[in-house]
Amino acid sequence: MTLTATSSIAEPYHGNPLPEYGGSPANAKALHAEDVANELTPQEPDTDLLALMSGKCSTLRVAGRDYSCRTVAYAHGIHGRAYFTIALDDPADHSHIISFSGENGRRSQDNLYELTVDRMLLNSKNRPKVDGLPVPFVELSAGMCTQLGNFAAGQVSSIACTATDRNGRKYELKFESDGSPITIRRVKPSPPTIRERS
């Protein structure tokens with residue numbers, strides 16, 4: 001599995017690529033059009049830090065389904081957006097990835113980092129591709145991630161995330177480190193080099 005160091009790492013609610021909207025048909029149509037336009041827009045690479053963590057997910061629940069995880073990573077963007085990204089151990093879909101994402105994470109103590117989640121990024125093998133990379137489905141959500149540990153010290157002991165999207169689907173992560181030092185990569189963002197022929 002490859003985690004790309006851009007803000008476009010992520011996977012959708014399994015099976016239904018389009019969300020269901022409440023309210024009037026006109027409202028649903030407008031929201032659907034907005035989603036389609038948003039999801040097919042390539043995102044500029046902006047990641048400046050990527051941290052890979054080794055351990056296990058005691059809980060990984062996506063819209064009512066339980067999974068185990070293959071990889072857990074933290075990515076930080078130059079504009080302040082952060083992502084806790086999890087590659088799901090899904091034999092039916094090796095591109096099944098989710099990200100808890102938010103802005104303005106805060107460290108209230110040396111070993112405590114909190115990120116308010118405002119969206120889930122959802123990726124799967126069925127997502128459309130731009131420049132050869134899958135574009136995640138963005139679900140507006142509300143939630144929180146809490147990380148115990150410190151990147152500067154090279155150790156993260158646990159991560160706990162919960163979020164609920166606008167359709168009431170719930171996402172939950174409980175990750176415990178195996179004690180191995182985390183792997184940190186500083187990334188210099190650059191524009192994509194793959195272009196389609198015109």
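This report describes the fold elements, disulfides, aromatic pairs and selected residues of a predicted model.

## Basis of the model

The model is predicted, and local features need pLDDT of at least 70, side-chain atom pairs count only at pLDDT 80 or more, and totals for chains, interfaces and linings use all residues. Residues are numbered from 1 along each chain as its sequence is written, and side-chain values use heavy atoms, with hydrogens and water left out.

## Overall composition

The protein chain contains 1 helix and 14 strands; these elements are DSSP runs numbered from the N terminus, with helices (H or I) of at least four residues and strands (E) of at least two. Of the 198 residues in the chain, 43% are buried. Buried denotes under 20% relative accessible area, exposed over 50%, and partly exposed in between, with a 1.4 Å probe and protein chains only.

## Disulfides

The structure holds 2 disulfides, a disulfide being a pair of cysteine sulfur atoms within 2.5 Å. With the bonded cysteines of the protein chain numbered in sequence order, the pairing reads 1-2, 3-4.

Because C57 belongs to strand β2 (residues 55–62) and C69 to strand β4 (residues 69–77), the pair ties together parts that are 12 residues apart in sequence. Both C57 and C69 are buried.

C145 and C161 form a disulfide as well, and their sulfur atoms are 2.1 Å apart. The pair links distant parts of the chain, with C145 in strand β11 (residues 137–150) and C161 in strand β12 (residues 155–165), 16 residues apart. The link of C145 and C161 is right-handed, with 120° about the S-S bond. C145 has 0% relative accessibility and therefore counts as buried; C161, at 0% relative accessibility, counts as buried too.

## Aromatic pairs

Across the whole structure, 4 aromatic pairs are found. Rings of Phe, Tyr and Trp (its six-membered ring) pair if their centres lie within 6.5 Å; planes under 30 degrees apart count as stacked, over 60 as edge-to-face and the rest as tilted.

Y74 and F84 form a tilted aromatic pair, at 5.1 Å centre to centre and 55° between the planes. Y74 is located in strand β4 and F84 in strand β5 (residues 81–88), so the pair ties together parts that are 10 residues apart in sequence. Y74 and F84 are both buried. One aromatic cluster is formed by Y74, F84, Y113 and F151.

## Two loop residues

D93 is placed in the loop between β5 and β6 (97–103). D93 is buried yet has no salt bridge, and the nearest side chain of opposite charge, K125, is 5.6 Å away. A salt bridge requires a side-chain nitrogen of Lys or Arg within 4 Å of a carboxyl oxygen of Asp or Glu; Lys and Arg count as positive and Asp and Glu as negative, while His and the chain ends are not counted. A polar atom of the D93 side chain lies 2.9 Å from the backbone nitrogen of S95.

G168 occupies the loop between β12 and β13 (170–177). With a relative accessible area of 44%, G168 is partly exposed. G168 and S141 are 27 residues apart in sequence, and their C-alpha atoms are 8.9 Å apart in space.

Technical notes: A polar contact is a pair of N or O atoms within 3.5 Å; within protein, one must be able to donate a hydrogen and the other to accept it, and residues adjacent in sequence count only if both atoms are side-chain atoms.
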